[in-house]
Amino acid sequence: MKDNGADPYDLKQQENVLGESRMMIPDCHKRLEAALADLKSTLAELEETTGPEVEDAKKTVADVEKQFPTEDA
């Protein structure tokens, strides 16, 4: 946008959006880690249970751990 000579107001708005997005990423990552830990603890309680929901939860844990390796993974 800068190279194309965009309106300074539009540039400032886009910079604000970028800044807000950068602040949201760490918070979203923390929430994802908390949700993953919660799901793992629930699965640990249900370790003898089988069913499509349990299998989906295990797959979700594996998929998330591939994307965001955690310390306990």
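Which residues of H1 are buried? They are Leu11, Leu36 and Leu43. Buried means under 20% relative accessible area, exposed means over 50%, and partly exposed lies in between (1.4 Å probe, protein chains only). This is a predicted model: local features need pLDDT of at least 70, side-chain atom pairs count only at pLDDT 80 or more, and totals for chains, interfaces and linings use all residues. Residues are numbered from 1 along each chain as its sequence is written, and side-chain values use heavy atoms, with hydrogens and water left out.

**Helix H1**

- Helices are DSSP runs (H or I, at least four residues), numbered from the N terminus.
- H1 covers residues 8-45.
- H1 has 38 residues, which at 1.5 Å a residue should span 56 Å. The expected span is 1.5 Å times one less than the number of residues.
- The end C-alpha atoms of H1 are 56 Å apart, which agrees with that span.
- The buried residues of H1 pack against H2.

**Leu11**

- Leu11 lies in helix H1.
- Leu11 counts as buried because its relative accessibility is 18%.
- Leu11 touches Met1, Lys2 and Ala6, leaving aside residues up to four places away in sequence. Contact here means heavy atoms within 4.5 Å.
- Leu11 and Val54 are 43 residues apart along the chain, and their C-alpha atoms are separated by 47 Å.

**The largest nonpolar core**

- The largest nonpolar core has 6 residues: Leu36, Leu43, Val54, Ala57, Val61 and Val64.
- H1 and helix H2 (52-67) are the elements that give two or more residues to this core.
- H2 supplies the largest share of the core, 4 residues.
- A nonpolar core is a set of buried Ala, Val, Leu, Ile, Met, Phe, Trp, Tyr and Cys residues joined through side-chain atoms within 4.5 Å.
- Val61, one of the core residues, touches Leu36, Leu39, Lys40 and Leu43, not counting residues up to four places away in sequence.

**Salt bridges**

- The structure holds 3 salt bridges. Each is a side-chain nitrogen of Lys or Arg within 4 Å of a carboxyl oxygen of Asp or Glu.
- Side chains of opposite charge can pair when their charged atoms come close.

**Asp27 and Arg31**

- The side chains of Asp27 and Arg31 form a salt bridge, at 3.1 Å from N to O.
- Both residues lie in helix H1, 4 residues apart, about one turn of the helix.
- An α-helix has 3.6 residues a turn, so residues three or four places apart point the same way.
- Asp27 is partly exposed, at 37% relative accessibility. Arg31 is exposed, with a relative accessible area of 58%.

**Glu65 and Lys40**

- Glu65 and Lys40 meet through their side chains in a salt bridge of 2.4 Å, N to O.
- This pair links distant parts of the chain, with Glu65 in helix H2 and Lys40 in helix H1, 25 residues apart.
- Glu65 is partly exposed because its relative accessible area is 22%. Lys40 is also partly exposed, with 21%.
- Lys40 is among the residues that Val61 touches.

**Lys59 and Asp63**

- Lys59 and Asp63 form a salt bridge, with their closest N and O atoms 2.9 Å apart.
- The two are 4 residues apart in helix H2, so about one helical turn separates them.
- Lys59 is exposed, at a relative accessible area of 53%. Asp63 is partly exposed, at 32% relative accessibility.
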